[in-house]
Every structure is written in C-alpha cells, then in structure tokens.
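Q: Can you walk me through this model? Keep it quick.

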Amino acid sequence: MISALYLHIPFCRAKCAYCDFDSRALCGEALEGAAARYLEALLARLDAFGEAGALAGVRTVYVGGGTPTVLGPRLAGLVRRVRSWCAPDELTCEANPESFDDAMAAALAESGATRVSLGVQTLEPAELAAIGRIHTAEQALTAVERGRAAGLDVSCDLMCGLPGQTKENWRRTLGDIAGAAPDHVSVYPLTLEEGTPLARRAQADPALEPDADLQAWCMEEARRELVAAGFAPYEVASYARPGHECAHNVAYWTGESYLGIGRSAAGMLAAGEWDGLAALLGGEPAGAGAVRVRYVQRDDAGTRFDVERLTAREAAAEDLMLGMRMTRGVGPELLGRARALAGEKNVAAAVDEALSRGLATWAPDGRLAPTERGWLLGNELYGLMWDLASDD
Ligand code: SF4
C-alpha cells in the first residue's frame with residue numbers, strides 16, 4: 001500500500017548560495033509561464049496515478065522544492081487536486097518566509113494543507129546574506145506566527161556551520177525560534193556542494209568552510225536548547241512537540257512505500273506496486289530478485305527515470321540504516337528479518353561493533369537504538385548497517 005506522496009516544485013525566487021537542489025530561480029512572466037507548463041504536466045501525472053488507484057491509501061503528502069509557495073494561488077489548487085484523490089492526515093507544503101503571506105497561509109489551510117515547513121536557516125542578518133537567502137529574520141518569525149494563526153502545524157528548518165556563525169549567534173537563533181513556538185524544528189549542518197557559489201567562494205577563502213567541531217557543538221546545543229523548550233528529538237535532525245512528528249518523513253525512515261511525482265522527485269515502491277504502475281514509471285518490470293524499486297523522475301513529463309532495484313537483503317540493510325536515524329532505533333522484527341537475509345553471524349558482528357564503538361545501545365524494550373555518540377557519528381553507524389547489504 002502506497003502511504004506517502006511527494007510532489008516536487010522546482011522553482012525559487014532566487015538561488016541560495018549553498019543549494020544544489022533541482023530548482024530554477026525565476027520571477028515575473030518567466031516564472032508564470034514555466035510554472036503553468038510545469039503544473040500542467042504535474043497534474044496530468046497526479047491524475048494518472050489517481051486513476052490507476054495508486055493514491056487511495058495515501059496518508060501523508062509533502063509538497064517540496066524548490067519553493068512551492070512561489071506558485072501563488074496555484075499551490076492551493078494543487079492541494080485541492082491532491083485531496084480529490086486521497087484523504088491524507090498530514091499534508092505539508094514547504095515555504096520560504098518571503099512568499100508565505102497572509103493570503104497564502106489562509107489559502108493553504110482552506111484547501112486542506114495541515115502543515116507548513118518554513119526555510120528559516122538562521123535569524124542572523126549577516127548569515128542570511130552570506131548564504132544568499134532573500135528573506136529577513138523578521139519575515140521568518142512573522143511567517144511562523146502566520147502559519148500558527150492560520151491553524152497550520154509549523155516546522156522550521158535551521159542550518160549550522162554558516163559563514164561567520166558563532167556560538168553566541170547560534171544560541172540566539174535557537175532561543176528566538178524556540179520563543180516563536182513552532183511545532184517542529186529540523187537542524188542541518190551546512191555542507192558545501194560542488195559547483196555551488198558558496199563552494200567556489202570557499203575555495204578562494206577557506207574561512208568559509210564549515211568547521212566540523214563547531215557544527216557538532218551546534219547540533220548538541222540545539223538538542224539541549226530544544227529539549228529544554230519542550231521538543232523531543234525523534235530523528236537525527238528532527239525535533240517535535242509531542243504528537244507533531246512529521247509522519248511523512250517517518251514513512252521514509254521506516255521502509256514504507258512512497259510515490260514521488262515531478263522532476264527530481266524520488267519514490268520507493270515494493271516490487272509488486274512498481275509492476276502495477278510500471279506503465280507510468282518507464283515500463284520496465286521490477287524483475288526477478290528485486291523486492292523494492294527506488295526511482296528518481298528525470299524530466300517534467302515523467303518519461304525518464306533513474307531506477308535502482310534492491311534485493312530482499314539490500315532492502316533489510318537499508319531499513320536498518322534508515323531506522324537507526326530515528327531516536328527509537330530498530331525493533332526485534334526488523335533485526336530478525338535482517339538476520340534471516342544477511343546471516344545471523346553478520347548481523348551479530350555489525351551490532352557488536354556498533355555497541356563496542358558506543359554508537360548504539362539496547363533499549364529496555366528490546367530495540368537497538370543510537371546513542372548520543374551514534375547520533376553525532378551517524379555515518380559510522382549507518383555504514384555498519386548498510387554493509388550488511390552484501391558479503392563484499
Ligand atoms: S529556497 Fe531552497 S530550494 Fe530554493 S534555492 Fe534556496 S535552498 Fe535551494
């Protein structure tokens with residue numbers, strides 16, 4: 001059963017200096033024309049999946065980008081069209097503060113969105129300028145308030161390791177965000193992606209490179225500050241007030257099937273689901289040995305895809321790896337599946353290694369959960385789990 005749906009909107013008002021996501025910076029008539037053409041293709045694909053019966057079980061929807069709110073009133077129309085095919089409990093739209101005004105907040109709530117995810121990143125003007133964000137700190141705080149007033153769940157994305165960021169600045173951003181009382185906060189360390197303006201500037205000026213020690217401190221400080229403010233950490237980068245976890249992202253981390261529609265949208269389907277929808281996803285069957293298929297749509301029309309097929313063993317290793325991103329870790333059922341597919345000895349060795357390196361621990365309820373060290377050194381922990389995908 002496909003329980004999650006992702007829709008990608010590849011437009012922004014301006015391109016941030018660190019961004020390598022698929023989004024074009026457009027405005028005015030150029031944006032109008034491109035958005036109209038893109039939405040026509042997106043809606044046609046949405047309807048095609050709806051008519052094929054693929055959307056009936058969808059419980060969570062995420063409209064991401066890019067900046068979906070640059071679509072203006074068309075975004076609420078898209079939300080309504082989604083709701084004509086399914087009745088999700090959670091429907092998130094990503095938004096940037098400069099394009100999330102009162103009319104947009106009201107239109108989204110009225111059309112059936114339940115949640116807005118705001119790209120705040122920082123509340124320090126110099127840091128916002130250094131990474132090319134086009135909104136102010138005041139606009140960001142107003143956007144949180146606006147989302148709450150419209151009755152939406154509000155999430156804020158923050159970034160640490162920004163050029164010029166100090167411990168004092170980071171504390172101030174965290175304090176002000178906690179004070180604005182969103183329902184959810186995500187905290188990401190900045191990474192320099194090849195080819196971006198910030199990466200080029202950092203080549204000439206190494207002081208712009210994120211300091212890994214400062215980023216680790218910022219992540220720990222975020223955890224202290226946000227927990228003290230009533231948020232619970234439930235995933236490596238995610239904090240929520242009780243009952244406000246992002247169910248859509250939890251679906252990604254717990255091996256549930258999700259459909260991605262739009263250019264650069266990723267999806268993951270069980271082999272049988274893929275075969276049932278193959279005509280809409282490039283036409284090739286999952287094939288013998290594959291239990292799961294991952295794909296990325298490569299064009300607007302949905303005719304080209306990058307496809308990756310996973311064996312049962314690879315799927316179990318992937319589920320273990322993703323499950324260890326979550327504070328609650330992985331349960332006996334998944335560990336048992338991994339033992340059956342990857343071998344009792346191999347799984348025992350990986351778990352022992354994680355325990356001995358202090359990356360994981362057994363929780364009282366029998367789950368294997370990441371420790372604080374495992375949270376900070378996530379790539380080591382995830383690597384141990386993913387290595388179970390093969391004997392190599
Ligand atoms: S708003 Fe988001 S998607 Fe758009 S350029 Fe900035 S980081 Fe990239």
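Q: What kind of model is it, and how are residues numbered?
A: This is a predicted model: local features need pLDDT of at least 70, side-chain atom pairs count only at pLDDT 80 or more, and totals for chains, interfaces and linings use all residues. Residues are numbered from 1 along each chain as its sequence is written.

Q: Ok, which residues are around the ligand?
A: Cys-12, Lys-15, Cys-16, Cys-19, Phe-21, Ser-23, Gly-65, Gly-66, Thr-67, Asn-96 and Gly-119.

Q: What joins Gly-65 and Gly-66?
A: A cis peptide bond, with omega about 25 degrees. Most peptide bonds are trans. Gly-66 sits in the loop between strand S4 (60-65) and helix H2 (73-83). Helices (H or I, at least four residues) and strands (E, at least two) are DSSP runs, numbered from the N terminus.

Q: And what's the phi of Ala-181?
A: Near 60 degrees, a positive value in a residue other than glycine. Most residues other than glycine have a negative phi. Ala-181 lies in the loop between helix H6 (167-180) and strand S8 (184-189).

Q: New topic. Which domains are assigned?
A: Domain 1 (4-250), domain 2 (265-310) and domain 3 (317-389). The bounds come from an automatic or database domain assignment.

Q: How many residues are in the contact between domain 1 and domain 2?
A: Ten from domain 1 and six from domain 2. Contact means C-beta atoms, placed from the backbone, within 7 Å. The domain centres, taken over C-alpha atoms, are 27 Å apart.

Q: Which element gives the largest share on the domain 1 side?
A: Helix H1 (28-51), with five residues. That side has eight nonpolar, one polar and one charged residues.

Q: Which strands pair with S13?
A: S12 (residues 266-270) pairs with S13 (residues 292-297) in the antiparallel sense over five bridges. Leu-269 stands opposite Val-293 there. S14 (residues 305-310) also pairs with S13, antiparallel, over six bridges. Gln-297 has Phe-305 of S14 as its bridge partner. Pairing needs at least two bridges found by DSSP.

Q: Last one: at what angle do H11 and H12 pack?
A: H11 (residues 312-323) and H12 (residues 332-342) pack at about 145 degrees, axes 9 Å apart. Axes are lines fitted to C-alpha atoms, for helices over the stretch in contact, and angles run from 0 to 180 degrees between N-to-C directions.

Q: Which residues make that contact?
A: Among them are Ala-312, Ala-316 and Leu-320 of H11, and Leu-334, Ala-338 and Leu-341 of H12. By class, the contact has eight nonpolar, one polar and three charged residues.

Terms used: Near = placed C-beta within 6 Å. Contact = placed C-beta atoms within 7 Å. Nonpolar A, V, L, I, M, F, W, Y, C, P; charged D, E, K, R; others polar.
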